[in-house]
Amino acid sequence: MKRIDPVRLEVLKNAFDAIADEMALMLMRAAYSPIVRDSMDYSTALCDARGQTLAQGVTTPMHLGSFYDAMLHLMEKFADDIHEGDIFIGNDPYAAAGQHLPDIYIIEPLFHSGRLVAWATTIAHHADVGGIVPGSNALGATEIYQEGLRLPFLKLQSKGVPNQTIWDIIALNVRVPDLVTGDLRAQMAACQSCRRSFNDLVARYGIDEVLAYAEELHEYAERLTRAEIAELPDGDYSFTDHIDGLGENPEPIVFQVKVSVRGDRILIDFAGSSKQVQGGVNTPLPFTKASVYTALRSVMQSDIPNCHGFQRAIDVTAPPGTVVNSVHPAPCGARGITGYRVIDAVFGALAGPLPERVTADGMGGSTVPTFGGWHEGKPFVFTETVMGTWGAGAHHDGQVGVPHMGANQANVPIEMIETNYPLRIRRYGTIPDSGGPGRHRGGASFVREYEFLADEGVLSLRSDKAAFPPHGLAGGHCGRGPLSRLTTAEGSRTLPVLLTTPVTVRRGDVFCHLSPSGGGYGDPLDRPVAEIVEDLADGIITPAHAEEVYGVVMAGGAPDPAATERRRAEIRARGAGA
Amino acid sequence: MTASTLRIAADVGGTFTDVAMIRGDKSIATRKVSSTPDDYSRGVVRGIVELLEVEGLSAEEVGEVLHASTVATNTILEGKGARTALLTTAGFRDILEMRRVRVPRLYDPLYRKPPALVPRRWRFEVEERMDHRGNVLTALDETTVHRALDAVAAEGIEAIAVCLLHSYANPAHERRIGEIIRERFPAMFVSLSVDILPEIREYERSSTTAINSYIGPPVRGYLNALAERLHAAGLPRQFFMMHSAGGILDARTVMERPAQIVECGPAAGALGASKVMGRAGEGDAISFDMGGTTAKAALIENGRLVTTDDYEVGGGISLSSRLAKGGGYALKLPVIDISEVGAGGGSIVWIDRAGGLKVGPQSAGSVPGPACYGQGGDRPTVTDANVVLGYLNPQALAGGSVPIDAGLSRAVLARDVAEPLGLDLDAAAFGVHELITNVMTRGVKSVTTYRGRDPREFTMIAFGGNGGVHSVSLARALGVRRVVVPPGSGVFSALGLLYADVETSASAAFLCPLEKLTTDLLAPRFAELVARASHEIGRSTEELQIERRADFRYAGQAFELTLPFEESAALSAGDLTAVRDRFEDEHERLYGYRLARNAVELVTLRVTARLAGAGQVVSDYRPAQGGEARPDRMVHFGPAFGGRVATRVVDRAALAGGPKQGPLIVEEYDGTTVVPPDCRAALDPLGNIVIDLPDPAQETRP
């Protein structure tokens, strides 16, 4: 081809980005379920004819890089049977290279003069796809057959003609058909906007030009990525992270990661990680890869395009049959937590070579409570992704009210929840003394407390980090683990972090979740007294905590310098003796 | 307010304060003075006084002063607001801190969100609770209110915001707290969320209310100071402020709800654009405003600016601001839907490590400014590229007041762009031009294609210091066929103020299935909104033009579409069908489908009240006398036109004799307009430069 013009490249890159963003906006605005429209748990992408992502909407990072395997699968299955006006649907992790059943792909091929030139692709987390629990993220599932409706890639629409059979099957198999079909239509609306805008682009620049620069965009992203990697010191960096384990008697699930930097390449291997488990936290390899890409992208400083070229310098391997590369029929309904832990583990490994670019450990992704049941003659399912808290960094305190790096999701407004569901939120706010102590303090734990207002229903829960609370860095202490309490007429009890069997809830029952908090960074005894005084004024810590952990003694509302010095010396001596 | 009295407008920017008036013969008079950041009101009055002197008028002849300023925005951006307390429902002290959780940037573990406007120590909980229907679950415990107010007194608090859960459904508790506060602190600046934004979603309502209190005392101080200075200069003490939705209101009203003026700066220009285009007979237009740091786009449909209430202040500039929320403070009041991108004359050009050419969003600002200013700027900017290409005068800008050293532009562009990329200098400079156009394309798309509007169906009106330089390229990239550059385009925001109507709006949450709507249900609610709006304007309802609108959605969706709802005054069964059809048409236009079997519901009622009259006057054009002859320039218009093209440099008046084929450069005191070889430019009777682009269908793309 002719010489690449750097201006034209940037122009078309921006145009691709604009298309993907427009798709994301269309999808959000037309969507029905809170998890799509408020939490924004979905992604949109423009892919080239080979299914390689050219641009992705600014929504869920963990979906970056996960489209490609699904696209390969789709193109292999349909090969010569892909036509203008087709719309594909699929969700199965094994039969469609999907992620977990609630994440449904809607994909439309884009044609120019009869030739397949690109793909409009969307994936959205649906409120329910059937299965043994409302919300379809059953932690207690032992096989994927229990998790809900499995769809290999199918034509939801063929040459412009809708396949009503598929719509009927979906509507019958999900608990909230209006939400699911409404969100599917929103995904189709996003594909339509992609088609329209892509056609405009082709009309303006010509198809050959657009495709040539699409190709160059991958090369460009790869160059940027390799330049970043080349600056890292060569070496192997290992880290071990965990998920607490399933049910009442959890056995730790191990994430063993080794990050090997070799010149301008990175190899990431998960040998030594746990075997796949009898519970919905397994993930097929595509999602593990996507999570790794998210972590690596987050420590790179260049503005690398969200396209396939980024992935070419990165190899991800994991032994088949492990929790990070599960094989049929392992269940994976709650696999999001596994993706979060993959990201955390890679950050943990990178803390060695890049201590200034990662933070101490945070909340570890969302806590996901799901309430389901019947109310006033209608079924309801309420799920939300509750986040989040970050660990402290080398130069700043951790924050609360921020998402995990893997999923930039919003909370659901309390007033919306109470208007639309038989639930009342009783408390939502931060907990004093909870942030992991350090020179820089970890973000606080926060509470979200729900009162159930329907006659009867079930609650499922996905959370983590009780047995392995968020770690600190450089002498910072670890954060707190979570605490989930269910209070009923019979009394109050602590729920396991990963509830394998949903519990029954009745009117007036209260579910209270305290989130994990972030780890600290550096020795808490090095935290300046002035910052402690500010924390006290804001009620982020109490005087007892200030004295016990930070060694700052208050007297009459002001710090006592002499007593503080003594107290800090005592704590240091105790630490040295221990 | 009578038509015969003189109206004079002052728009305060970071560097300059622009003053404009319309003379008795409807021609424009303007004055530019330096802004006075220590107290902007000083510069405003000086500019007005100077303009009057130049025009030989006395202060007594001024009937009305109109004003727009960034004082409210700057208070937030600089963190210089009042010491503000927030009173909220027990259990929800941290709503402002938790926000909506989303952050504006992906892949940044070191991202820091902006600190809450009200620090935790000044956020107080009171015992009370409503449900979503407005039923009292826990009665207000006034001892907890007094306990909070004890702390308020001890902490030297200057303003209080009150936002309780579900107060939009039942304001009783907030109102009672308001009474208690006024009893104890009669002079305290107080905002109740039911007065500021009686709508569902607690974070957005809390944030908007907190903003109102936080900026209240400083804005009040500024407006009072300005009133005093005006009075001292013999000008009317009473004056009008532009608000973010493009209307003007008495400054005394603004003091109660200052949150509504946060985005008034860019609003004035957009409003001016809508009026100029209306007078030119173009109801549908894209308003394009390009200055030194940013470019802004807004959409005019059927003569009206499109507004939104999905807005954040201080969120920084973002290419996809609609998606990447969370960088600023949510402000859910009507603002003109203006998208802003970091693309201006001062935008810095750079090359990333993979050899990609980038422009902005960093700006060289006015100090040191572009390299060609010779004030120490050492990095190439968009203006430097424009100098190299021949678009801008290579000796001086602004009538000679800003000297230009074109050699410096060539040197930095060659060193930092052309040589690293292996391009010749013209190709590098044109690349910069093309790229900045491309960045701005995205800004325009976010108010057009992102809303299901096709930019090709619109005319573009361009203004701001750099609007005329880049408008044709931008129009071409979007498929827009006609560009209008109005007179006074460099001081256009001040002109826009002169064109504004006294206008305000009010809204209230009202969730109701469409089929259950009746006149009995709607009439009292709309009447209350109309009363609120007319109270704010200070005129009786009969004197006002009232527009009724409502937000509708399919039951279950969370995003609504705002549509006219005039039928609400006397509703029949047939009307409901018409309303449903209108909603579904718009839904289909945006999203490509309709759901005939799904229920439609009403969510929010809206009223806009307007006192028409003064703002109808739009200037006539009087050509400036005796423009001196300027030398031709060799100008580069891109590879499609070969190398450099000999180009005539003219003033606006030179276009009066009928359409002229490009290439042309129109140089004026306050701006430059570029007309490429394949375009034609003419002057319309209003003095607008009208540029017609060739039909893209006839054109073979370079």
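In the predicted model, Arg201(B) is located in the loop that runs between α6 (193-196) and α7 (202-232) of chain B. The phi angle of Arg201(B) is near 100°, which is a positive value in a residue other than glycine. Arg201(B) has 22 C-beta neighbours inside 10 Å and therefore counts as buried, the cut-off for that class being 20 or more. A second residue with such a backbone angle is found in chain A, where Ser113(A), a residue other than glycine, has a positive phi near 50°. Ser113(A) likewise belongs to a loop, here the one between β4 (103-112) and β5 (115-125) of chain A, but with 7 other C-beta atoms within 10 Å Ser113(A) is exposed, since a count of 12 or fewer places a residue in that class. Most residues other than glycine have a negative phi, and most peptide bonds are trans.

Two cis peptide bonds can be described in turn. In chain A, the bond that joins Met387(A) and Gly388(A) is cis, with omega at about -15°, and Gly388(A) has its place in strand β14 (residues 388-389) of chain A. In chain B, a cis peptide bond with an omega of about 5° links Gly662(B) to Pro663(B), and Pro663(B) sits in the loop between β33 (660-661) and β34 (664-668) of chain B.

The largest nonpolar core comprises 375 residues, and Leu27(A), Leu46(A) and Val346(A) are those with the most contacts inside it. Helix α1 (residues 6-30) of chain A gives the most to this core, contributing 16 residues. For Leu27(A), when neighbours within four places in sequence are left aside, the residues in contact are Tyr42(A), Thr44(A), Thr122(A), Ala124(A), Ala186(A), Gln187(A), Ala189(A) and Ala190(A).

Helix α1(A) also takes part in the contact between the two chains. The contact takes 68 residues from chain A and 58 residues from chain B. On the side of chain A that touches chain B, the elements that give two or more residues are α1, α5 (177-205), α6 (207-230), α7 (285-299), β15 (400-402), α9 (414-420) and β16 (423-430) of chain A. Of these elements, α1(A) supplies the largest share of that side, with 14 residues. Divided by class, the side of chain A that touches chain B holds 31 nonpolar, 21 polar and 16 charged residues.

Within this region, the packing of α1(A) against helix α12 (residues 425-445) of chain B was examined separately. The axes of the two helices lie 9 Å apart and the packing angle is about 5°, so that α1(A) is roughly parallel to α12(B), a term that applies to angles under 35 degrees. From α1(A), the residues Val7(A), Glu10(A), Val11(A), Asn14(A) and Ala18(A) meet Gly431(B), Glu434(B), Leu435(B), Asn438(B), Val439(B), Arg442(B) and Lys445(B) in α12(B). Taken by class, the contact of α1(A) with α12(B) has five nonpolar, three polar and four charged residues.

The domain assignment of chain A gives domain 1 (6-220), domain 2 (360-527) and domain 3 (529-577). The centres of domain 2 and domain 3 of chain A, taken over C-alpha atoms, are separated by 28 Å. In the contact between these domains, seven residues of domain 2 of chain A meet 13 residues of domain 3 of chain A. The residues on the domain 2 side of this contact divide into five nonpolar, no polar and two charged. Helix α11 (residues 543-550) of chain A contains Glu548(A), which is partly exposed, with 15 other C-beta atoms within 10 Å. Glu548(A) and Gly401(A) are 147 residues apart in sequence, and their C-alpha atoms are 26 Å apart in space.

For chain B, the domain assignment gives domain 1 (6-75 + 221-261), domain 2 (82-217), domain 3 (347-436) and domain 4 (502-612). The C-alpha centres of domain 1 and domain 4 of chain B lie 35 Å apart, and the contact takes six residues from domain 1 of chain B and six residues from domain 4 of chain B. Strand β12 (residues 248-250) of chain B provides the largest share of the domain 1 side, namely three residues. By class, the side of domain 1 of chain B that touches domain 4 of chain B has three nonpolar, two polar and one charged residues.

Definitions and conventions:
Residues are numbered from 1 along each chain as its sequence is written. Chains are lettered from A and ligands numbered from 1 in the order in which they are written. This is a predicted model: local features need pLDDT of at least 70, side-chain atom pairs count only at pLDDT 80 or more; totals for chains, interfaces and linings use all residues. A nonpolar core is a set of buried Ala, Val, Leu, Ile, Met, Phe, Trp, Tyr and Cys residues joined through C-beta atoms within 7 Å. Helices (H or I, at least four residues) and strands (E, at least two) are DSSP runs, numbered from the N terminus. Axes are lines fitted to C-alpha atoms, for helices over the stretch in contact, and angles run from 0 to 180 degrees between N-to-C directions. Angles under 35 degrees count as roughly parallel, over 145 as roughly antiparallel, 65 to 115 as roughly perpendicular and the rest as oblique. Ala, Val, Leu, Ile, Met, Phe, Trp, Tyr, Cys and Pro count as nonpolar, Asp, Glu, Lys and Arg as charged, and the others, Gly among them, as polar. Domain bounds come from an automatic or database domain assignment.
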